[in-house]
Amino acid sequence: TKVKEMTTKNISPTSKIHHRRSKFKKNSENTSPANPSEWTIKFCIIGAACSNKQLLSSLEDRYVYECIDDEKETIRTLTETKNLLSQRQLRIYVVDSFDDCIFHYLKDNEDIYTISSELVLSCAEKEIDIPVPRRNRPLYCQHLSSAVICFVGIRKDTHTEFSDFVHYLGGSVRKDYSDQVTHVISHANIGEKYLTAFNMERSEILTEEWLLRCWQERNNRQFDPFESELIRIYRAKPLHNLNLFFFGFNNENELEHLHTLTNEHGGFITTEMSEASHIVLSDMNLFISTYPSYTRKHRQYIVHVQWFWECLCLMGKADESIYTVNLTSNQSTTSDSSLLLQSPSTQCESPLLDSSINTTVKRKRRQKHSYINEQQIDPIPNSKRFNSSMNENENLSDENIIVEKSQNIKKDNKYLIGMELRETERNYVTMLSNIIRIFKTEMEKDDRRNGPILTKVESTQIFGNIEEIYHLHLLIAEQLDRAITEDECIGSVFLTNSVELLRVYQPYTKFYDKTIEAVHTLEKNNSRFYAYLKICEHKTELGKQHLADLMIRPIQRLPSILLLLERLLKYTPATHVDYQLLIDSLDKLREIAKKLNDERGKTEKHLSMFNIVNSIDNCPPELLAAHRDYIEKFQVIELSQELTTTRTHLTLFLFSDCLEVTKSRVNIWKTHGVKTYKHIALISLCDIRSLFDISPVSLTIDETEQFGILCSIDGQARQLIMATSDNTVDIKLQNLKVEESTTPKPEATNAATTEKVTKPKKEKSKQEKPKQEKPKQEKEKPKQEKPQAADEAPAEVLDYNRSPEEIEKALEEWSKKPSTVNKRQPDEKILPKPDARNIMITSALPYVNNVPHLGNLVGSLLSADVFARYCRSRNYNTLFICGTDEYGTATETKALEEKCTPREICDKYYALHRKIYDWFQLEFDFFGRTSTQKQTEISQDIFWKLHKRNLISKNTVEQLFCETCQR
């Protein structure tokens, strides 16, 4: 035992005994020190910690300590601790583990200060003073020193254990939620504390696994419990540990989708209603009629399905009180149960929910809640007149609407059509306003807990320039209102705004298909977006329409205006002053509509061109040109064998000035990243000399049509004969009959030959069952010829005293033998075994910038495979790994050479490398790529660990530099 006096001046001010006086007044004899610097501190090392040399060296020359390895001495020291406190002498006990019996013995005693050896070592490594723990609160490390934690939905026994973990890690625990709480540990998303924490958005709500992970990493000094990625992994999902029971969903696909979403967001599905924490209803009336006397259980909620979508949208449990279904309500309510549960904003805004208001109040409400709300987007002049009722008679009698000379207005057809045009324009502007306010603005809000529902890029893809369209039609609606009230020409309104109409509608119509595609894609990939769309389907101001249905309204608006103006022109006399203006405005709008349609057609053609080029492997880059238009695609079979060695299925893409010939690939779904077609030839239409039909009299309607092409490909004359592949059975028969033909070359093929070939088909049409007999005859011939070829082969090629069957079987067994020795299952994991010889084999990673040659195989891969086979034959626990190296200058250089991206180069040559190695039967246990996400995470993790330990140094090297490329 070392004896040396020490005062707390050696301990940092933050680690001195600075706790509240009440903490030290657990017994009347113990008081808080008035001046902590007058206290004497001694460290008592207990049990196995006495043999920890690193611990002793950390305390040497800085602190007073003594080692107590004897149990009786430990008990005696504990009895003296209480008396020493009254003499301003503090003993801090140091133990190696908080799982030992000695630690639990210390914990059961009062007035004891306990820390771990890990805390001492970590402070020594950081060169900081050892913090003084709180009395009767052992301190293992300081992982959670800045955390204040509140528990939600956790049982009492578990709560005690978790509270100890938090205290051991240096954190604090609060019983009730307050502003000081930094993290909430939730067993299940239930209770008022959860709702308070979620709505205040000041604390992270995490699962119990996060705290357990922190405790498991207590000895890891590099561990950061507040790392953003770790918090994201352990953040409580919206339906965390909630049991849901769905009722009233008749569509099985919809119900399955709801179950999938529930499981993905942390919830569980129960088939027993009594076990559910939430009963989610689609139709309240159906539930009441099915269970008229149902009484909900304790802490059980019966909510509308809108609550479910709100949870997914908020990424947290929504307040059930807004969506709770009242089972005691009258069962004669409307069948549309969605009207029973409106959002709070809808309930207070809609004037239709209050049936007691009189007509005057209704008029005032209409002015307040019209489609141009001054508090929504833009202030609008003349709002009283502009927001009048849709009813014409009521419009004229409304005292708040100012209409000049209203008594002299003649209500003829021309006037009524003008009113209809104005009202449809109002409705259109209202719908645009709702799209912007309810969808665009809400989805872009960045003040949500998990950020905006849509990113700026996604929002632009969906909504585009819809705000510009809204502002333009807002101006047009105001001008229409003024034109009608002041008896001006309506056609001049659209004539004046024709240039702006073309400008704002051109990009919208051009990318409309991309807009709808983006909506459907986000519905599948973004659950928050999908949930918000489901919530909006219940909003009456949107007409309960889907967003994709609403986004077509701008496409339909210009044709609607044209129809109304044509009707207006019909009832306008030719001598009227507005007649010519209406004709000019109609001509201008028709011109705009034609330009928009032409632009949209060009866009569709360009998109189809891009899709075709991207689907063809080794496609010539010159195929993609701005002047070229795609016309049609044909499926054919080449009979002439000019382009391919066998009669294969080809796909012809006809363009305005060329013909692209490709080979159709089969079973492309088995290989990821393989394109649908392979380039064969690109034929310019000016190089096609003639095109002729092969249609003899003998061909019937069921026959496959044939045609010939005389053309020039790469300067060489070619004679191509094609057959359409509409009928698969006829194609096979035709191919067999052509083989019977004695024509040696495709050049000799003519109408007479074709007639000879197809002559049996003419007889077939006269029989009752031609298609059952003829294929059998054709298929029997190869079966008779094949054995003859097999019998002749052994006599000419294989001069052995063995039958061909025996030799073939021996070859098959020999080729299989190396693969069957200790072959593991595909899903079997290879891990080190303590009682076996563990061998890991690898080789130089081949670059993917070229085709591998025999030198690569013999020098590294093949020799490694031979050694791996040997190890497996000796029953060693063998792991053979390899992969392609996809980083480096060589890959980038090859990409520049082939005019593509490095990723495309890597994908192309990786598949080629893999195919070659499979052909050589190299049996890798794992063959990967350096560009995979897992490889990137491991490499970056190694780098950051080295970087944090200052094991990476900077240096300068000289390299070659190209002055032309400036790189």
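Me: At what angle do the axes of helix α19 (residues 466–485) and helix α21 (residues 498–510) cross?
Reply: In this predicted model, the axes of α19 and α21 cross at roughly 150° and come within 10 Å.

Me: Why is α19 called roughly antiparallel to α21?
Reply: The crossing angle is roughly 150°, and angles over 145 degrees count as roughly antiparallel. That is why α19 is described as roughly antiparallel to α21. The crossing of these two helices is left-handed.

Me: Which residues of α19 and α21 meet?
Reply: From α19 come Glu 468, Ile 469, Leu 472, His 473 and Ile 476. Their counterparts in α21 are Glu 500, Leu 501, Arg 503, Val 504, Tyr 505 and Tyr 508. Sorted by class, the contact has seven nonpolar, one polar and three charged residues.

Me: Which residues of α6 and α8 meet?
Reply: Thr 158, Phe 162, Phe 165, Val 166 and Tyr 168 belong to α6, and they meet Glu 208, Leu 211, Leu 212 and Trp 215 of α8. By class, this contact has seven nonpolar, one polar and one charged residues.

Me: What is the order of the strands in the open sheet that contains β5?
Reply: The order is β6-β5-β7-β8, four strands with parallel pairing.

Me: What makes β6 (172–174) and β8 (204–207) edge strands?
Reply: Each of them pairs on one side only. Neighbouring strands in this sheet are turned against each other by 35° on average, direction ignored.

Me: How do you know that strand β5 (residues 148–152) and β6 pair?
Reply: Pairing calls for at least two bridges between the strands. β5 and β6 have three bridges, so they count as paired, here in the parallel sense. As an example to look for in the structure, Ile 149 has Val 173 in β6 as its bridge partner. α6 also packs on this sheet, touching β5 and β6, and its direction makes about 165° with that of β5. α8 packs on the sheet too: it touches β5, β7 (183–186) and β8, and its direction makes about 75° with that of β8.

Me: How do you know that strand β9 (residues 243–247) and strand β11 (residues 278–281) pair?
Reply: The same test applies: at least two bridges are needed. Four bridges join β9 and β11, so they count as paired, in the parallel sense. Within this pair, Phe 245 stands opposite Ile 279 in β11. Both strands lie in an open sheet of four with the order β10-β9-β11-β12 and parallel pairing. Its edge strands are β10 (268–269) and β12 (301–304), each pairing on one side only. Helix α12 (residues 305–314) packs on this sheet, touching β9, β11 and β12, with its direction at about 85° to that of β12.

Me: Why does His 259 count as partly exposed?
Reply: Buried means under 20% relative accessible area, and exposed means over 50%. His 259 has 26% relative accessibility, which lies in between, so it counts as partly exposed.

Me: Where is His 259 placed?
Reply: His 259 is in helix α10 (residues 252–264). It touches Phe 246 and Ile 269, leaving aside residues up to four places away in sequence. The C-alpha atoms of His 259 and Thr 270 are separated by 9.9 Å, and these residues are eleven apart along the chain.

Me: What makes helix α5 (residues 117–126) mostly covered?
Reply: Seven of the ten residues of α5 are buried, and buried means under 20% relative accessible area. They are Ser 117, Glu 118, Leu 119, Val 120, Leu 121, Ser 122 and Cys 123. The buried residues of α5 pack against α2 (53–59), β3 (89–95) and β4 (113–116). Just after the helix, Glu 127 takes a positive phi of about 60°.

Me: How many helices and strands are in the chain?
Reply: The chain has 35 helices and 23 strands. Of its 967 residues, 41% count as buried.

Methods. Residues numbered from 1 in each chain as written. Predicted model: local features only at pLDDT ≥ 70, side-chain atom pairs only at ≥ 80, totals over all residues. Heavy atoms only, no water. Axes fitted to C-alpha atoms, helices over the stretch in contact; angles between N-to-C directions. Parallel < 35°, antiparallel > 145°, perpendicular 65-115°, else oblique. Left-handed = near helix turned anticlockwise from the far one by under 90°. Contact = heavy atoms within 4.5 Å. Nonpolar A, V, L, I, M, F, W, Y, C, P; charged D, E, K, R; others polar. Buried < 20%, exposed > 50% of the residue type's maximum accessible area, 1.4 Å probe, protein only.
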